[in-house]
Structures are given as C-alpha cells and as structure tokens.
Amino acid sequence: AAVSLSLLQTGRIDKSYPTVCGHTGPVLDIDWCPHNDQVIASGSEDCTVMVWQIPENGLTLSLTEPVVVLEGHSKRVGIVAWHPTARNVLLSAGCDNAIIIWNVGTGEALITLDDMHVDMIYNVSWNRNGSLICTASKDKKVRVIDPRKQEIVAEKEKTHEGARPMRAIFLADGNIFTTGFSRMSERQLALWNPKNMEEPIALHEMDTSNGVLLPFYDPDTNIIYLCGKGDSSIRYFEITDESPYVHYLNTFSSKEPQRGMGFMPKRGLDVNKCEIARFFKLHERKCEPIIMTVPRKSDLFQDDLYPDTAGPEAALEAEEWFEGKNADPLLISLKHGYIPGKNRDLKVVKKNILDNKPAANKKSDLMSAPKKAADASNPQNEAKLEEILRELRSIKDTISSQDERIAKLEQQVAKFAD
C-alpha cells in the first residue's frame, strides 16, 4: 500500500487515512509519472506492475482499482521507471533479470530484454532523451543498452571491484556516474564515457561505511547528491568538464540515519526561497523534508539557479518512440514558479480485443519474423471494424434522439414565452 498526501499536510497521519492498495504482495518500487502529476506506477513482489490515477484533490477513499495491471514478469518487480520524454512509456525490471518496456496506453509489453542480464539488476536509468538505458548489475557490470535495437552498445566489467551493490545513472551530457565499492570495501564514485569504458574519467574513494550510496541527480545544475543508506548525511558534488570532473561541494549532516530518501522534481521547488533541492528523509516513524537553499541577498529571480527545466508536457507519443523517434524534454521557465495545468485522465485502450495477444518482441522474433502489412481481411481487423461501426451507429442514434428531445423542449419554452 502507498499513501498520497498533499505537501501542505504535515504531522502524524491517522491510521484510517486512505491508501493505494491493490497489490497482493509488498510494493518494492514506485515512480510518479513525469507527464501527469496524478499518475503513479508501482512494482511488487506479486510479479505485477500497476498504474494508478490519484484523484485531482487527493484520496478521500482508499484506491483499490488500478487503471491497468501489467503482467509479464515471472518474479518480483523491484524497479519501475517512466520514460523521460515519451508519454505512457514505462520500464520495469524484475528478479527474473528481465527488463520490459510497456506502452501503458494499450497495456502491452512491446520490448522484452530477457537475455542481457545473468544476475540481479540493481538499478536502471534512462538517458536525457530516453534513447538509451544503463543498468548496474550484481555481476559488477554496467551495461549501456539501446532498447529498441535490443543491443548492448557498451559495457564495463568490474566497474567497481567490491562485491556490494552498485548504482549507475546517466548524466545530461551522456556520461555515466556510478557508485560502488572497492576490493577493500571502500565506497567509491566514478564517472565514465560510454564511448570508451576502458578507464573512468574520474574515480574517487570516499570512506569505509557499508551503506549503498544512492545518487540523486539534478541535470539543470549538474549537481549529484549522494545519500548513503543508513548514513545521517547527504554529500553533494558538481560535475564539470574540467579535472577533477567530480567536485565535492558540501555535506548536509543530521543526527538520525536515513532509512530511505525521496527527491522532489525540480518544478516542485520554491524558487522564491532559492530552493535548489528538497529531499524526503524516511525515519522509522516519520518522513522529514530536507530543504537545500542557496543564500542570495536579492529577491529577484535567480536565472543561474533555475535554467529552463523539463516541463510536464511529453515531447513524443508512445507510438512515435517505439517507431524510432527521439526528442529531448520540452523545457519550461520557473521564473514565476510552476503553475500546474489540468492533467488529462490516463486512458488505457487494450488493442487485442479478441485476446489472442501476440508475444512481446524478443530479439529472436525480430530477426526471424518480417513485419506483415496490416491485412484488412484479417478476422481480428474485421471484428474491430465491426465494433467501430456499431459504436458509430449507437452514437448517431443517441444524437438523433437528443435532437428530438431538444426540439420538444424548445417548443415547450416557446409556448411559455408566448
């Protein structure tokens, strides 16, 4: 179960507060949709991914019906990640070592990458325009994958030589930032160029704590915040083009260790207070906001702190991305703060009305099966056409009866007027 709260709601939550609860096992990961502030995806131990639409004014009753259930993994689903620029494209990764990319608008698995990872996937990251993904795995490899070509385009063995978990994320310039452990169990961070993964651009050793370092990245300021599991501090670094490439900036310290950490999207920050990051620190019994600001004497908008940032409008539709198109995020100015627009409801139109669902694309299928042109005589297409025609007839009948009703009402009004 998950709870959805307004940022204005603070303090202890009543035990009877409504939740989002539809999975039959624990929820392992959630991700808010970047293109719709009311939509959330969740992955669970029950092997499914569910997509939910939170009502515009928050939950008044517990939400038990997802908009769509995405079934395709054979083991628990520990990772969900929305595509950064294409509407309704969602990635999931499970303990079956498979990655599935879904068209949420049709409920279909359109890409399945199930032969690239031989061990547990620790994390998956899209690049800036969503044309590539990078993964960190228990086999100590970082892989760069073109999901539509279903190819590994670069990989690095023993990215970090230690046995403990790694993380890998794409930066805005296309380089990859990783965290992991040395052979001597020291925590490390590194910067890599996917075009040449032989040697890192930079490699820094941090300390000997054993908490996994979770990276949170702001592409607008090129700052990476490192939150260690079980640490009581957040360290942050600026990534630049000049040596040493990863520049230590500062450390935020507190007394209590963090059990987990959430990160507010850029457009949720208060630009009037020069807020550049907001974290939500999970304690045993509470969630604490941690706000990072840059002190400025002027009350004017600080252009250098807030370059145009990724807005809520998708640059591509799902079908365009699956067909091979790429697009950078559509940017918006935060000069007058972010004013949320009206979110459109997430509609899921299942394409396979006769339930003879084709298997999701696998590399072997793509190589052996040439695409057939749409065949109008196909029974499935005929059934679909018949269904559309029936719907059109029904709409026409409704319009006709409404026209008659309006005419009668107009006559009655005319009598009263006389």
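Predicted model: local features only at pLDDT ≥ 70, side-chain atom pairs only at ≥ 80, totals over all residues.
Visitor: How many bridges between strand 14 and strand 15?
Guide: Six. Strand 14 covers residues 176-181 and strand 15 covers residues 187-192. They pair in the antiparallel sense.

Visitor: What stands opposite Phe-181?
Guide: Arg-187, in strand 15.

Visitor: Now the 17-18-19-20 sheet. Which strands are at its edges?
Guide: That one is also an open sheet of four strands with antiparallel pairing. Its edge strands are strand 17 (213-218) and strand 20 (246-253). Each of these pairs on one side only.

Visitor: What's the average turn between neighbours there?
Guide: 25°, direction ignored.

Visitor: How does strand 17 pair with strand 18?
Guide: In the antiparallel sense, over six bridges. Strand 18 is residues 223-228. Tyr-217 stands opposite Ile-224 of strand 18.

Visitor: Switching to strand 11. How many of its residues are buried?
Guide: Five of its five. The strand spans residues 142-146 and is mostly covered.

Visitor: Which residues point which way?
Guide: Val-142, Val-144 and Asp-146 point one way. Arg-143 and Ile-145 point the other way. All are buried, the charged Asp-146 and Arg-143 included.

Visitor: What does strand 11 pair with?
Guide: Strand 10, residues 133-137, is joined to strand 11 by four bridges. Strand 12, residues 151-156, is joined to strand 11 by five bridges. Strands 10 and 11 run antiparallel, and so do strands 11 and 12.

Visitor: Which residues stand opposite each other?
Guide: Ile-133 stands opposite Ile-145 in strand 11. On the strand 12 side, Arg-143 stands opposite Glu-155.

Visitor: What about the turns? Which residues have a positive phi?
Guide: Lys-140 has a positive phi of about 70°, in the turn between strands 10 and 11. Gln-150 has one of about 55°, in the turn between strands 11 and 12. Strands 10 and 11 form a hairpin with four residues between them. Strands 11 and 12 form a hairpin too, with four residues between them.

Visitor: Does Lys-140 line a cavity or a strand's turn, or what else can you say of where it sits?
Guide: Lys-140 is in the turn of the hairpin of strands 10 and 11. Lys-140 also lines the second largest cavity.

Visitor: What else lines that cavity?
Guide: Tyr-122, Ser-137, Lys-138, Gly-162, Ala-163, Arg-164 and Met-166. By class, the lining has three nonpolar, two polar and three charged residues.

Visitor: What's its volume?
Guide: The second largest cavity has about 30 Å³.

Visitor: How many cavities of 30 Å³ or more in the whole structure?
Guide: The search finds two.

Visitor: Why does Cys-47 count as partly exposed?
Guide: Because its relative accessibility is 21%. Buried means under 20%.

Visitor: And Cys-227, buried or exposed?
Guide: Cys-227 is buried, because its relative accessibility is 1%.

Note on methods:
Residues numbered from 1 in each chain as written. Heavy atoms only, no water. Pairing = 2+ DSSP bridges. Helix = DSSP H or I, 4+ residues; strand = E, 2+ residues; numbered from the N terminus. 1 Å grid on protein atoms, 1.4 Å probe; cavity = no way out; pocket = protein on both sides within 12 Å on 5 of 7 lines; lining within 4 Å. Points joined across faces, edges and corners; volume = space filled by probe spheres on them. Buried < 20%, exposed > 50% of the residue type's maximum accessible area, 1.4 Å probe, protein only. Axes fitted to C-alpha atoms, helices over the stretch in contact; angles between N-to-C directions.
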